[in-house]
Amino acid sequence: MRENNSIELSSGKHCKFLRIRRDLIPNYYILAFPKSQGEPSKEEVSEMVTLGIEYAKSIAKQFVGDSEAYTLLYSGYSARREKGWHIHIVLLGNRWKKAWLYLVLAGKNILQAIGLRKDDSPRIER
């Protein structure tokens, strides 16, 4: 499967694999469910996660030489910055790359928490 491919789900709706080119997070992909299709059903989310794992294994084997050298992230509505449903796939290869990914994510979330980066997720008070 190549990047930027549209995949038809069992329901007839589509999702799309996209390569995200960011300097801070190399080898970064997203499986996105377009907002124009509304909210995905539980079955569609499950199917997307399965597709995401299959795609991650395929590209990890191709680019890193190890089909298990990836991280998959799915954020619920309240935990994501961007509207829309998507699964993040990041190819790793070693512990340092995984540590770097978590450091970048921590920095991003700290900037959002203190208001220096856009964040449209709902505020949940304790």
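The views show a predicted model, in which local features need pLDDT of at least 70, side-chain atom pairs count only at pLDDT 80 or more, and totals for chains, interfaces and linings use all residues. Residues are numbered from 1 along each chain as its sequence is written, and side-chain values use heavy atoms, with hydrogens and water left out.

**View 1. A nonpolar surface patch includes isoleucine 110.** Isoleucine 110 belongs to helix H2, residues 95–113 (helices, H or I, have at least four residues and strands, E, at least two; both are DSSP runs numbered from the N terminus). Together with Leu111, Ile114 and Leu116, Ile110 makes a patch of about 420 Å². Such a patch joins nonpolar side chains (Val, Leu, Ile, Met, Phe, Trp, Tyr) within 5 Å, taken from residues with over 30% relative accessible area and no salt bridge, while like charges are joined within 9 Å. Accessible areas come from the Shrake-Rupley method with a 1.4 Å probe, and for residues only the protein chains shown count as cover.

**View 2. The largest nonpolar core has 18 residues.** A nonpolar core is a set of buried Ala, Val, Leu, Ile, Met, Phe, Trp, Tyr and Cys residues joined through side-chain atoms within 4.5 Å. Cys15, Phe17, Leu31, Met48, Leu51 and Ile89 touch the most other members. Strands E2 (14–20), E3 (28–33) and E5 (85–91) and helix H1 (42–63) each supply at least two residues of this core, and H1 gives the most, with 6 residues.

**View 3. Strand E5 is covered on both faces.** Because 7 of the 7 residues of E5 are buried, this strand is largely enclosed by the rest of the structure. On one side lie Trp85, Ile87, Ile89 and Leu91, and on the other His86, His88 and Val90. E5 pairs in the antiparallel sense with E3 over 6 bridges and with E4 over 5 bridges, where pairing requires that DSSP finds at least two bridges between two strands. Isoleucine 30 stands opposite histidine 88, and leucine 72 opposite isoleucine 89.

**View 4. Glutamate 68 forms a salt bridge with lysine 57.** The closest N and O atoms are 2.3 Å apart, and a salt bridge is a side-chain nitrogen of Lys or Arg within 4 Å of a carboxyl oxygen of Asp or Glu. Glutamate 68 lies in the loop between H1 and strand E4 (70–74) and lysine 57 in helix H1, so the pair ties together parts that are 11 residues apart in sequence.

Technical notes:
Buried < 20%, exposed > 50% of the residue type's maximum accessible area, 1.4 Å probe, protein only.
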